[in-house]
Amino acid sequence: MQPESVMSSPLELSANSTPLPWNERWLRGAVFQRLARLEQGCVTVVDVDGAREFGRVSADCSLRATVTIHDPNAYRLLALRGSIGVGEGYMAGDWSCDDLPSLVRIFVLNQDALLGLEHGLTRLMMPLFRLLYARRDNNHRGSRANIAAHYDLGNEFYRLFLDDTLMYSAAIFPTPDTDLREASVAKIDRICRKLELQPDDHLLEIGSGWGGFALYAAQRYGCRVTTTTISREQYELARARVREAGLEDRVTVLCQDYRDLRGAFDKLVSIEMIEAVGERHLKTYFRACAQLLKPHGMMLLQAITVADQKYEQYRNEVDFIRHYIFPGGFLPSLTAIADILGRATDLRIFHLEDIGAHYATTLRHWRERFLANLDRVRALGFPDSFIRMWEYYLCYCEGGFRERAIGTVQVLLTKPLCRREPLTPALKNHASEPYRLSNRLVRLRAGRGARLAVAGRTGHRCRHRPAPVPSGVATAGSDADRTERPAGIRRRFAADLDGSATVPVRAVPSRFGPVLDGSHVDAVRHDVQRRAGLAETAPGAGGVAGDGRGTAGLLRRGEAGRGIVR
């Protein structure tokens, strides 16, 4: 069940149902003219004059949301102040929505059609927004003020919707049933394993948060950790948590700007801190990170990114998040990060993993926990306008991540002398070996094209689910890899051609993990050939007629074993 929004309960539209004045009707018309361009998803707008429906649901997009206008001021804000005005109207209670995350997703899907919301009358206000944003520069003094505006709202406030690790960043959910705390720990441990943390390592963390990562790394991996934050609230609580854990000899907490850090460290981690650096200071940030690492060092960067295709537009505009939630905040693109790394540092991109879909789930958990604790939020002294702003922020980001408008990446960077083994995590196998063989035979006979999944290229409508998180990050053939393989014999099932039956396939252990036994593969292959009208040999006699090779022979040579995705 979805938690009830602070604005989702039905409200009276207005005690005064008189027709709108001509100027408000004109502004409403301007808004409706843009909404009429919706192509994906359906938005119903309800005001004193009735209901209007825009867009349509389809097989490709079944999203639907109903917006209730409680005050016509909502039209003025949207027409004159664009996306910032939309958020301001929600904060003021001028409008509500029965499904705010879906509404954000519809707007993201139709962002090209709705471009006029930012480029129409909003152009008159954008210079002012940019001026206010520019005054929040992240120099030494500005950084502390910007960080305090968001992170010093009070530690008790953040405890209301974060789990007890107090990690305020994208978690990783290995399964749909994983709870928020388990997902936070999974993310932390994944970072530790990517960095190959050892007891003799000295790890630097830029952006402490409330100390959750530093505590875990010191407790579970035994390394020394120096962690820094410029939020006074975070600094005090992180120090207290270190004392309570008895780790003062392993963890040092600083309240220091990254530009003032000195020393040489084996490893470095920065989890969603780069968003507070600012575009003008990105080169300084990465140069500082590179200088703080030893020649064999590694750095793990977890960053929220904006799509390369929208980067220039993003740079020249100011949105609701940067105006109200994260003053001075800025999301880089992957291309911008790579360009600065290449021009200003000796760091090299070693491994990159996109975990943006996990952030949408993380935000949903935060939103549900936040809305479940509204009474406690009010008890801390926060007014309803703040509560509506925070709800809008969480939904705004959730919808953006869900539709891939923004993403989150973990980037492993290495210094020139680093010789870390490659990361080759397991990928989900969507078809067993015999099923792939059957598809190949059917294509040979019918000339059907293959359905390919191209790594690294996802279209806007691609909804590829995140790969399952493996129990360990290890290279193929390594000791860690072999110990994590299941012992004994597994049973695999190959789908029959018509999908009406399954054929059991036996797997035997090998140096490369479970490998299908050749006789069973040949039996399945022969059955597939017979059904496709290609069988001319007995099972095991030589595979496809005339190819001169038996499947068992390939497997015995170990060539096919490596190709089986486990």
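**Walking through the model**

User: Start with Glu196. Where does it sit?

Analyst: Glu196 is in the loop between H8 and strand E5 (202-206). Bear in mind that this is a predicted model.

User: And what's the phi of Glu196?

Analyst: Glu196 is not a glycine, yet its phi is positive, about 50 degrees.

User: How accessible is Glu196?

Analyst: It's partly exposed, with a relative accessible area of 33%.

User: What about Leu166, what's its phi?

Analyst: Positive again for a non-glycine: phi of Leu166 is near 60 degrees. Leu166 sits in the loop between helix H7 (155-159) and helix H8 (180-194).

User: Is Leu166 buried or exposed?

Analyst: Buried, because its relative accessibility is 5% and the cut-off for buried is under 20%.

User: How buried are Cys42 and Cys223?

Analyst: Cys42 has a relative accessible area of 1%, so it counts as buried. Cys223 is at 0% and counts as buried too.

User: New topic: Asp266. Which element is it in?

Analyst: Asp266 belongs to strand E8 (residues 265-271). It counts as buried, at 8% relative accessibility.

User: What does the side chain of Asp266 reach?

Analyst: It reaches the backbone nitrogen of His202 at 2.8 Å. There's also a polar contact of 3.3 Å between the side chains of Asp266 and Lys294.

User: Which other residues is Asp266 in contact with?

Analyst: Setting aside neighbours within four places in sequence, the contacts of Asp266 include Asp200, Asp201, Leu293, His296, Gly297 and Met298.

User: What do the buried residues of H11 pack against?

Analyst: They pack against E5, E8, strand E9 (293-306) and helix H14 (334-344). H11 itself covers residues 282-292, and its buried residues include Leu282, Tyr285, Phe286, Cys289 and Leu292. Ala288 and Ala290 are buried in H11 as well.

User: Let's do aromatics. How many pairs are in the whole structure?

Analyst: A search finds 37 aromatic pairs. One of them is Phe161 with Phe370, an edge-to-face pair at 6.3 Å centre to centre, with 85 degrees between the planes.

User: Where do Phe161 and Phe370 lie?

Analyst: Phe161 is in the loop between H7 and H8 and Phe370 is in helix H15, so the pair ties together parts that are 209 residues apart in sequence. Phe161 and Phe370 are both buried.

User: And what's the geometry of Trp390 and Tyr393?

Analyst: Edge-to-face, with 5.1 Å centre to centre and 75 degrees between the planes. Both lie in helix H17 (residues 384-402), three residues apart, which is about one turn of the helix.

User: Are Trp390 and Tyr393 buried or exposed?

Analyst: Trp390 is buried, with a relative accessible area of 2%. Tyr393 is buried as well, at 4%.

User: What lies over the face of Tyr314?

Analyst: Arg322 does, at 4.0 Å from the ring centre.

User: How many of the residues of H15 are buried?

Analyst: 12 of the 17, so to speak a mostly covered helix. Among the buried ones are His358, Tyr359, His365, Trp366, Arg367 and Phe370.

User: Last thing, the overall picture. How many helices and strands are there?

Analyst: The protein has 22 helices and 14 strands. Of its 566 residues, 51% count as buried.

User: And what share of the contacts comes from residues 24 or more positions apart?

Analyst: Among contacts with a separation of 6 or more, residues 24 or more positions apart account for 72%.

How values were computed
Residues numbered from 1 in each chain as written. Predicted model: local features only at pLDDT ≥ 70, side-chain atom pairs only at ≥ 80, totals over all residues. Heavy atoms only, no water. Buried < 20%, exposed > 50% of the residue type's maximum accessible area, 1.4 Å probe, protein only. Helix = DSSP H or I, 4+ residues; strand = E, 2+ residues; numbered from the N terminus. Polar contact = N/O pair within 3.5 Å; in protein donor to acceptor, adjacent residues only side chain to side chain. Contact = heavy atoms within 4.5 Å. Phe/Tyr/Trp six-rings, centres within 6.5 Å; stacked < 30°, edge-to-face > 60°. Lys NZ or Arg CZ within 6 Å of the ring centre and 35° of its normal.
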